[in-house]
Amino acid sequence: MEQKLVALSGNEAVAYAFKQAHPHVASAFPITPQTEMMHKYAEFVANGETDTEIILVESEHSAMSAAVGSAAAGARTFTATSSAGFALMWEIVYITASLRLPICMALVNRALSGNINIHCDHSDSMGGRDAGWIQLFSENAQEAYDNAVMAWRIGEHKDVRLPVMVTYDGFIISHTADALRMLPDDVAYKFIGDYKPGYALLDVENPITVGPLDLTDYYFEHKADQIAAYAKAAEVVQSVSEEYGALTGRTYEFCEEYKLDDAEMVMVILGSSAGTAKDVIDEYRAKGVKVGLLKVRMFRPFPAAYIAEKLAGRKAVAVLDRSASFGGFGGPVFTEVRSAMYGRQVPVRGYIYGLGGRDFDLGQVAKVIEDLQKVAAGGKVEDVNLLGVRS
Amino acid sequence: MAVNLKTLTHNEDLLSGGHRACAGCTGANILRQVMLTAGPDTVVGSATGCMEVVTTIFPYTAWKTSFIHSAFENAAATISGAETAYRALKKRGELPVEREKINFIAFGGDGGTYDIGLQSLSGAMERGHNMLYVCYDNEAYMNTGIQRSGATPLGAHTSTAPAGTVKQGKEQNRKDLTSIMVAHNIPYVAQTTPFHWKDLATKVEKALAVDGPAFLNVLMPCPVGWHFDTAIGQDLAREAVECNFWPLFEVENGVYTINKKPKEPTPVADWMKKQGRFKHVFKPGNEHLLEASQQFVDAQWEKLLKLEAMTNS
């Protein structure tokens, strides 16, 4: 498959991927650093490159609400946001998943207020981790593009029918020009396929009621159905990723492994920071330190057994969270990984780093690797640590 | 445009019986009358509220048309999305069933419309979607237990602004939402009541015929929140018009028409006296509240007359 090599920012790459799905409707409200993504898409529409109807709403709450109305009506629909915009959508983010509407969202990661900060961390998507969306994290513009093409196939699968959030780090990925390969439009669309909604409000000959009052006698069964859908979703993420790999040569799994096979110590990380970590891992590998990396691509559904298997038998594991869970036991990824590792006798330590766009530098990775060596040797390192913050 | 009773009665009733509206509720009358006029090719959206709760308890639905409820404050945004989907699919020839026209109607109570949903409504109206928003205004948050709203009139007793020993119910006048909607410069805005069925049906027909957004504010006497005998809800709707508390009027492309001008408006106190929510207003020492209520109604009516004269000159 011939794929054009292009230089695009993450925002442009995702806008392009979404356009290739030929969506009927998009609704969005601007927020930094998502803005460019919608600017690009609006340009496509203004230049007749796509006939998507864009609803330029008055808030993110309405962006998500209009997307719900559109998807329930039977249209392929997307939205995009960041940070506080995502927080304003919150109520409807849950409703979207509960109504089983396969909307796609580009979530350009940015710190939540306050204080107000426009730079990257994962507090926005992590805050929405229990809302019921499939969450795919990306390390660079290529992965953001690939996830944004695959998202439609995954969410719209008849056994899944769940919304999918493609996340990529604000500014670091969204605003940085990067080289990536893109599928030709027709090939991408053929891969994604036509949208076939299960039910549609616009099918007025077969009227349906969506979102009824649901009380003690049925609500729990409906939630049980929804809970069951995530196991199916994981299977579909895997099969769609395999198919995509065969088409493009770029293979994806739930997680990416880097020098993991013989690693005695492992860092678990999400998003763009994986690139920095890989560089430092190379340095330590050159010194004979057996350290590797597990980059989580699919955080929801959380592949607990898969991750536990990958980390089993290691001497020490460090989980890096680009968000805090205030008052909780470490960051959200740490909590999940440590819980998945229960009974495995592998020491797991947590690190919170990079909040509000604080640079994740080589020194921070080195510090984690030094700690890992200490833990592996039976030394003491706190369960949860802050990285790169002045004391 | 003239609505014909014969035709209306032959139209399919699109809200089935067996829903759980309270005895004497006039809200279900509003839904039925709107839907009789709109017909089956309609997608209905609803804000969380009385009418949503009583018509859709799973596994039952009273709706014979497509219906969506998402949340409290977003009925307008939700229906604006469905309406956009219609245009997008139609453009590509991908509608599930071919229709020349599908109506998009959002219903919301005064809570979901005057207050928590005002931003969503304002946005949808400004964007120009081809949709009708119907507010069933029962003048308080009845669904959650009769709390005061921006639509609650001065002096009315509610659970959050009760009449007590030092406070006498709501301390503010009601918000004029209909005027706020007129200020959006949309093609059609009107006020009506379920007692005036012909007026209501005609207004729904006009609202659905315009190209663009339309808004209908419908007074909905509520026996539970207003404290009156379940038999007199429709009478109270009629009397609200006769005392000028709730004038019947419409604004077509900015031009006002008052549809009913009472020759001798009854005192607003006569209307209030029949409702338990105003009981304390009639106690000695509260005369000023009665006076202020009448003054507010008179001032609003005078303003309306001027707007009619001004926009028709």
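1. Chain A splits into domain 1 (4-248) and domain 2 (255-387), with bounds from an automatic or database domain assignment. Their centres, taken over C-alpha atoms, are 28 Å apart. The contact between them takes 26 residues from domain 1 of chain A and 20 residues from domain 2 of chain A (contact: C-beta atoms, placed from the backbone, within 7 Å).

2. A quick caveat: this is a predicted model, where local features need pLDDT of at least 70 and side-chain atom pairs count only at pLDDT 80 or more, while totals for chains, interfaces and linings use all residues. Residues are numbered from 1 along each chain as its sequence is written, and chains are lettered from A and ligands numbered from 1 in the order in which they are written.

3. On the domain 1 side of that contact in chain A, the elements giving two or more residues are helix H5 (123-127), strand S6 (134-137) and helix H8 (219-248). Helices (H or I, at least four residues) and strands (E, at least two) are DSSP runs, numbered from the N terminus.

4. Chain A also has an open, mixed sheet of seven strands, ordered S3-S2-S4-S5-S7-S6-S13 (strands pair if DSSP finds at least two bridges between them). S3 (53-56) and S13 (298-300) of chain A sit at the edges with a single partner strand each, so one side of each has no neighbour in the sheet.

5. S13(A) pairs with S6(A) in the antiparallel sense, over two bridges. In one of these strands, S13(A), Met298(A) is the bridge partner of Leu136(A).

Note on methods
Contact = placed C-beta atoms within 7 Å.
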